[in-house]
Structures are given as C-alpha cells and as structure tokens.
Amino acid sequence: MSSQDDLLKKAQEGDFDSLLLLTAMTDLTPKKFDQYFLPLASHPDIKFRDFVANEAHTKNHQEVVEEAIKHGISDEVLEQIKNP
C-alpha cells in the first residue's frame, strides 16, 4: 500500500486515482489535510483543482479553497462553494 506522501506525488503527476486514495487516507488523519491538499490546489489540471476545492470546502479548510480559486476552478464548482 502506498503512503500519503507517495499518493501525493502520484497525484501531482496527474494520477487522479491517487488523489481519490489520498482523500480517503486523509479522512483518517484530518490534521494533515492542508499538508496534502494545499500543494494540489495549484495542480495544472482543473479537474484536480475542482476536486480539491470541493473537498476543502466540505471539510472547512478555507486556505486550501482560496488557493484553488486563485489558480482557477470551474464556474460550476465556484458557484457551489459560494452558494451552498
């Protein structure tokens, strides 16, 4: 099984499945959410940024949400975040 650090690296390289696994693992250790998701908030793929913004919003990690918004998220996700 991969560690959270391994999954972060794979997600940064574009592996969306690793992002999903990282999310599940981070749910077990919520104190580390920002540590793993802040770097992904600036991912070059908007699909990753949208996912990260949604997760961060759901888990009330505003710094991560703002970082994803800064790098660009879809209008649909932005609307969901601004008008829950």
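These legends go with close-up views of a predicted model.

**View 1. Helices α4 and α5 pack against each other.** Here you're looking at α4 (residues 46–58) and α5 (residues 62–71), whose axes come within 8 Å and cross at roughly 155 degrees. Angles over 145 degrees count as roughly antiparallel, so that's the label for this pair. The crossing of α4 and α5 is left-handed. On the α4 side, find Arg 49, Val 52, Ala 53, Ala 56 and His 57; they meet Val 64, Val 65, Ala 68 and His 71 of α5. Sort these contact residues by type and you get 6 nonpolar, 2 polar and 1 charged.

**View 2. Lys 59 and Asp 27 join in a salt bridge.** Their side chains come together at 2.9 Å, N to O. Asp 27 sits in helix α2 (residues 16–28) and Lys 59 in the loop between α4 and α5, so this pair ties together parts that are 32 residues apart in sequence. Asp 27 is partly exposed, at 42% relative accessibility, and Lys 59 is partly exposed too, at 28%.

**View 3. Glu 55 also pairs with Lys 59.** In this salt bridge, the closest N and O atoms are 2.2 Å apart. Glu 55 counts as buried, with 17% relative accessibility.

**View 4. Lys 70 and Glu 67 pair up within helix α5.** Their salt bridge spans 3.4 Å, N to O. The two residues are 3 apart in the helix, which means about one helical turn separates them. Lys 70 is exposed, at 60% relative accessible area, while Glu 67 is partly exposed at 21%. Elsewhere, shared partners link Asp 27, Glu 55 and Lys 59 into one salt-bridge network. The whole structure has 3 salt bridges.

Technical notes
Residues numbered from 1 in each chain as written. Predicted model: local features only at pLDDT ≥ 70, side-chain atom pairs only at ≥ 80, totals over all residues. Heavy atoms only, no water. Axes fitted to C-alpha atoms, helices over the stretch in contact; angles between N-to-C directions. Helix = DSSP H or I, 4+ residues; strand = E, 2+ residues; numbered from the N terminus. Parallel < 35°, antiparallel > 145°, perpendicular 65-115°, else oblique. Left-handed = near helix turned anticlockwise from the far one by under 90°. Contact = heavy atoms within 4.5 Å. Nonpolar A, V, L, I, M, F, W, Y, C, P; charged D, E, K, R; others polar. Salt bridge = Lys/Arg side-chain N within 4 Å of Asp/Glu carboxyl O. Buried < 20%, exposed > 50% of the residue type's maximum accessible area, 1.4 Å probe, protein only.
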